[in-house]
Amino acid sequence: MWCYRTVRIASGGTLRRMTSSDSRSSTSAQNVCLSLVRNHDKENFLCTLLLKNPERRSALAVRAFNVEVAKVSEKVSAGNVGVMPLKFWENTLTTLYRSGGTEEGKSSSTVPDHPVIHELHRAIREHKLSKRYLQRLVMARANANLHFVTVRQLEDYAEQTVSSVLYLLLEVHGMRNVHCDHAASHLGKAQGIVNLLRSIPYQTRRNAVPIPQEVLMEHGVNQERMVRNRADDKGVEEVTFSLASVAFRHLETAKGLLKTVPRPVRPIFLPAVSIERYLARLRHASFHLTDASVMRTDSLLPLVLYWRKLRGSY
């Protein structure tokens with residue numbers, strides 16, 4: 001009976017055996033990333049599943065990193081922990097990008113023993129991911145209370161926390177293209193604003209909602225009314241409509257730009273489908289955020305995503 005051992009070629013040209021223990025550890029890390037994204041970022045998880053391997057594995061590592069950072073941000077905003085956990089992720093990125101740290105076998109002893117970090121480290125080495133986009137994901141979460149004065153500030157936050165992920169996914173696919181980045185920028189802003197709208201019904205405990213002050217003032221609505229979110233409050237409806245309209249404009253711009261995006265990387269833009277469906281439900285509910293039809297899980301989304309990918313219609 002023949003027995004085989006997998007041999008990995010390191011970047012320096014030397015050979016290193018991949019033991020069964022290495023293989024099990026790698027599989028376990030992949031499963032952790034997959035579970036994190038599935039449990040905390042379900043719609044993006046469904047979109048990521050429709051990417052092809054090996055890019056899908058790296059895409060899940062990037063999204064799992066984003067989930068970890070976002071979880072820390074939520075705890076900071078709730079006052080449960082200080083800002084030190086965010087500092088941990090900042091320091092981790094510094095370690096991963098330390099001189100020589102992107103080469104196989106170097107600086108591995110200083111990389112924290114964390115499954116998401118190990119998977120991200122592999123993705124950075126394999127795809128030469130840009131450090132600045134990963135740093136944005138961490139640094140933007142320092143604004144834990146999400147106090148925005150203008151819509152522009154909200155758009156900038158969405159650019160940093162959502163568009164940055166899309167830029168990284170494009171790099172995972174070897175695509176560094178200004179047209180792709182332009183489309184990703186607009187889609188990220190649309191998704192970021194939609195994420196804010198979807199979070200409002202769950203903000204009641206803090207008695208504050210992350211809506212730009214200029215929008216509230218324009219429609220004469222205060223934080224308390226947004227927290228109550230009564231179905232017969234036309235002012236609240238107008239505020240919601242205003243933000244939804246901003247998201248819709250970014251979405252339409254992104255979809256128009258997809259014509260200039262190479263076909264092999266267009267599946268990265270599948271989140272446009274879930275955004276479009278949410279905004280449609282919100283419109284049909286007269287922009288009432290707590291309407292049952294708006295808050296329910298989109299049970300048809302997996303099938304719609306698969307069908308839209310087959311048709312190449314995003």
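Student: Why is Asn229 called buried?

Tutor: Buried means under 20% relative accessible area. Asn229 has 5% relative accessibility, so Asn229 counts as buried. This residue lies in the loop between helix 10 (223–228) and helix 11. Not counting residues up to four places away in sequence, Asn229 touches Val236, His288, Leu289 and Thr290.

Student: Why is Lys128 called exposed?

Tutor: The label exposed needs over 50%. Lys128 has 54% relative accessibility and therefore counts as exposed. Its place is in the loop between helix 5 (115–127) and helix 6 (131–139).

Student: What kind of peptide bond joins Asn53 and Pro54?

Tutor: The bond between Asn53 and Pro54 is cis, with omega about 5 degrees. Most peptide bonds are trans. Pro54 is in the loop between helix 2 (42–49) and helix 3 (55–77).

Student: How do you know what span to expect for helix 11?

Tutor: The expected span is 1.5 Å times one less than the number of residues. Helix 11 (residues 234–257) has 24 residues, for which 34 Å is expected; from first C-alpha to last, helix 11 reaches 34 Å, close to that value. At its start, a side-chain oxygen of Asp233 comes to within 3.0 Å of the backbone nitrogen of Gly235. The cut-off for a polar contact is 3.5 Å.

Student: Why is Leu279 called buried?

Tutor: Its relative accessibility is 7%, so Leu279 counts as buried. Leu279 lies in helix 12 (residues 271–284). Leaving aside neighbours within four places in sequence, its contacts are Val194, Ala244, Ala247, Phe248 and Leu251. The C-alpha atoms of Leu279 and Ala244 are separated by 7.0 Å, although these residues are 35 apart along the chain.

Student: Which parts of the model call for caution?

Tutor: The mean pLDDT of the protein chain is 87, and 83% of its residues reach 70 or more. Over residues 1–18, however, the pLDDT is below 50. Residues 99–107 are also below 50. Where pLDDT is low, the predicted coordinates should not be read in detail.

Conventions
Residues are numbered from 1 along each chain as its sequence is written. This is a predicted model: local features need pLDDT of at least 70, side-chain atom pairs count only at pLDDT 80 or more; totals for chains, interfaces and linings use all residues. Side-chain values use heavy atoms; hydrogens and water are left out. Helices (H or I, at least four residues) and strands (E, at least two) are DSSP runs, numbered from the N terminus. A polar contact is a pair of N or O atoms within 3.5 Å; within protein, one must be able to donate a hydrogen and the other to accept it, and residues adjacent in sequence count only if both atoms are side-chain atoms. Buried means under 20% relative accessible area, exposed over 50%, partly exposed in between (1.4 Å probe, protein chains only). Contact means heavy atoms within 4.5 Å. pLDDT is the predictor's confidence in each residue, from 0 to 100.
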